[in-house]
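Work through the exercises below with the model open. Each task is followed by a stepwise solution.

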Amino acid sequence: MRGLKTDLFPLCDVRALVLSGGGGRGAYELGVYKAFTERHRTFDLISGTSVGAITAAGIASGLTVDELEGMWARMHNFRVMQPRGDFWRLPSWTHLMYTKPLLEFLEREIDYEAVKRSPIEIRVAAVDVGSGDLRVFTNMELTPKRLLASSSIPILFPMVHDDDGRAYWDGGTVVNTPLQPAIEAGATEIVCVLLSPVGARPLEPPRNLWEAISRTADLRQMGNLKEDIKHAEFINGLVDAGTADPAWHHIDFHIVSPRETLGLTTILNFDSKLARRLIDWGYRDGLEYLDGDRNEHRVEVRAREELAEAAEREARFWQILPGTDF
């Protein structure tokens with residue numbers, strides 16, 4: 001939580017955009033970004049996983065919203081994945097699809113030298129298959145293979161063997177909404193774009209098996225986001241109370257998410273018509289966030305309340321101990 005005084009952003013306000021992974025649903029994030037761009041809201045830092053990383057790289061490379069929309073229109077299923085046909089090798093398979101089309105797409109669509117020169121810092125998350133550690137790539141480190149690694153869903157897609165000798169999978173395996181890299185880079189205001197309403201607002205229980213499967217997938221993708229936010233807001237309370245380390249700073253969090261559940265099948269659906277609809281939905285929700293009461297989108301977890309609850313739990317614990325023989 002010490003980002004304010006990093007070498008990258010010394011003693012300044014840093015506005016960050018955090019983009020979740022979610023396959024074809026990621027077009028929604030572009031719609032939200034489009035709304036912010038129209039209202040002249042800019043970002044100093046963008047942290048992304050999987051499809052969110054692809055959008056982050058596109059933005060950092062200097063692509064306009066229109067150009068990004070064009071990129072999504074060209075991102076058909078056959079340009080993302082190719083089914084395997086070598087069934088005689090089935091016992092040795094570690095993945096179901098080839099991603100050479102996606103690698104070629106990323107090489108063609110994004111200018112990596114422009115990413116290196118960009119005034120917008122990016123963080124691209126992948127997971128080291130060998131160690132299980134999260135690996136976060138910066139502008140200077142980003143390559144087409146590393147961007148592909150951030151999007152390589154385990155089992156479905158092959159792991160990416162990088163030039164550094166390590167193998168990587170989709171960052172969403174560990175953290176689907178890469179909030180922590182943005183905090184560590186120095187963000188003072190963070191807008192998280194989720195690709196499901198799960199975790200952002202109360203929802204009715206699933207009504208059938210398919211909805212239960214979809215909700216489970218959404219919960220899995222949400223990963224440790226709530227714990228990251230809770231931890232950061234705990235630090236906020238200490239900062240506000242004047243008891244925090246001087247290097248720490250207050251961070252404002254906001255969440256933009258779809259009103260509707262986008263459906264499980266949209267994760268692997270890169271149809272241009274669906275992308276257009278999701279961009280429109282993201283644009284609508286982005287404008288609603290910008291024009292509405294932003295406090296409705298704020299994440300509030302107050303440190304003193306948490307400390308009080310912890311104290312109550314401890315008091316109850318000690319009340320049952322008298323007479324206990326250890």
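**Exercise 1. Describe how α1 and α10 pack.**

Two packed helices are described by the angle between their axes and the distance between the axes. In this predicted model, the axes of α1 and α10 come within 6 Å and cross at roughly 45 degrees. Axes here are lines fitted to C-alpha atoms, for helices over the stretch in contact, with angles from 0 to 180 degrees between N-to-C directions. Helices and strands are DSSP runs numbered from the N terminus: H or I of at least four residues, and E of at least two.

Next, classify the angle. Under 35 degrees counts as roughly parallel, over 145 as roughly antiparallel, 65 to 115 as roughly perpendicular, and the rest as oblique. The pair α1 and α10 is therefore oblique.

Then take the handedness. The crossing of α1 and α10 is right-handed.

Finally, list the contact residues (contact: heavy atoms within 4.5 Å).

Before going on, note the ground rules. Residues are numbered from 1 along each chain as its sequence is written. The model is predicted, local features need pLDDT of at least 70, side-chain atom pairs count only at pLDDT 80 or more, totals for chains, interfaces and linings use all residues, and side-chain values use heavy atoms, leaving out hydrogens and water.

**Exercise 2. Repeat the analysis for α1 and α3.**

Start with the geometry. The axes of α1 and α3 come within 10 Å and cross at roughly 170 degrees. That makes α1 roughly antiparallel to α3.

Now the residues. Ala27, Leu30, Tyr33, Lys34 and Thr37 of α1 meet Val65, Leu68, Glu69 and Trp72 of α3.

Which residues of α3 are buried? Helix α3 spans residues 65-74, and its buried residues include Val65, Leu68, Glu69 and Trp72. Buried means under 20% relative accessible area, exposed over 50%, and partly exposed in between (1.4 Å probe, protein chains only). The cover over the buried residues of α3 includes α1, α2 (51-60), α4 (100-109) and α10.

**Exercise 3. Sort out the salt bridges.**

Apply the rule: a side-chain nitrogen of Lys or Arg within 4 Å of a carboxyl oxygen of Asp or Glu. The count comes to 16 salt bridges.

- Network: Lys34, Glu69, Arg276 and Asp280 are linked by salt bridges.
- Asp291 and Arg39: the closest N and O atoms are 2.3 Å apart. This pair links distant parts of the chain, 252 residues apart, with Asp291 in helix α10 (residues 272-291) and Arg39 in the loop between α1 (27-38) and β2 (45-49). Arg39 is partly exposed because its relative accessibility is 38%.
- Asp162 and Arg146: the closest N and O atoms are 2.7 Å apart. Asp162 lies in the loop between β7 (160-161) and β8 (167-170) and Arg146 in helix α6 (residues 144-150), so the pair ties together parts 16 residues apart in sequence. Both Asp162 and Arg146 are buried.
- Glu121 and Arg123: the closest N and O atoms are 3.1 Å apart. Glu121 is buried, and so is Arg123.

**Exercise 4. Find residues with positive phi that are not glycine, and compare their exposure.**

Take His40 in the loop between α1 and β2. Its phi is positive, about 60 degrees. His40 is exposed because its relative accessible area is 70%.

Take Ser50 in the loop between β2 and α2. Phi of Ser50 is near 55 degrees, again positive. Ser50 counts as buried because its relative accessibility is 6%.

Key: A crossing is left-handed if the near helix is turned anticlockwise from the far one by less than a right angle, and right-handed if clockwise.
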